[in-house]
Amino acid sequence: MSDEERERDLPITDVGTLKALAHPLRLRLYRALCVADRATASQLADQVDEAVSLVSYHLRKLAEHGLIEEAAAQSADGRERWWQPASDGVSVRDRDFRDAPEKAAAHLAATRLFHEQRADLYRRYLDERATWSAEWNAAAPDSESLFRLTVTELDELRAELTALARKYDEKGRAAVAAGDTEGREHVALHMYGFPFRV
């Protein structure tokens with residue numbers, strides 16, 4: 001599948017696919033593959049510091065659930081099997097896992113893993129912050145906002161922030177496709193919005 005044919009976000013609506021992604025190593029592999037766009041099991045094994053055979057097994061599991069797919073060979077070595085994400089990302093919605101206790105439990109466990117790995121990624125940035133330029137550190141947002149909203153207003157805010165993030169994702173992808181890679185780095189943007197009571 002070409003980049004143009006890829007879905008923007010693959011909706012995960014079944015427990016089997018959710019559990020396939022919500023495995024600590026598989027989630028790391030999926031994220032690494034999204035960053036690389038295309039990679040072999042041996043390249044990914046180097047990144048996650050695991051055996052190639054174990055990485056290959058988990059890549060096949062991700063492929064069985066349609067999360068990744070084989071990519072066209074990127075080198076003359078016909079023995080290499082290349083992989084790519086099947087979509088630009090995934091979406092997991094609470095509403096798809098509310099109708100049975102086991103589905104809700106699987107969704108909660110997956111969500112906790114997603115957030116733990118995101119927090120680990122941010123902690124790594126903080127630990128390496130001194131290695132980034134003053135400009136990168138000044139541009140990296142780190143803020144908290146506390147609002148008084150209705151559920152409708154929070155949903156509107158989510159939709160607007162998602163649209164804004166997509167705008168910048170498309171801008172970056174188009175620039176890279178045009179060969180404009182000077183000064184570009186991978187950037188993670190984590191957004192959380194949730195109700196709480198004091």
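1. The structure holds two aromatic pairs; rings of Phe, Tyr and Trp (its six-membered ring) pair if their centres lie within 6.5 Å, and planes under 30 degrees apart count as stacked, over 60 as edge-to-face and the rest as tilted. The pair of Tyr122 and Tyr125 is tilted, at 5.9 Å centre to centre with 35 degrees between the planes. This is a predicted model, in which local features need pLDDT of at least 70 and side-chain atom pairs pLDDT 80 or more, while totals for chains, interfaces and linings use all residues. Residues are numbered from 1 along each chain as its sequence is written, and side-chain values use heavy atoms, without hydrogens and water.

2. Tyr122 and Tyr125 are three residues apart in helix α5, so about one helical turn separates them. Tyr122 is partly exposed because its relative accessibility is 31%, whereas Tyr125, at 17%, counts as buried (buried is under 20% relative accessible area, exposed over 50%, partly exposed in between; 1.4 Å probe, protein chains only).

3. Trp132 and Trp136 form an edge-to-face pair, 6.0 Å centre to centre and 65 degrees between the planes. Trp132 has a relative accessible area of 28% and is partly exposed; Trp136, at 33%, is partly exposed.

4. Helix α5 covers residues 101–128; helices (H or I, at least four residues) and strands (E, at least two) are DSSP runs, numbered from the N terminus. Its 28 residues should span 40 Å at 1.5 Å a residue, and the end C-alpha atoms, 41 Å apart, agree with this. The expected span is 1.5 Å times one less than the number of residues.

5. Buried residues of α5 include Lys103, His107, Phe114 and Tyr125. The buried residues of α5 pack against α1 (15–21), α2 (24–36), β5 (90–92) and α6 (134–139), with contact meaning heavy atoms within 4.5 Å.
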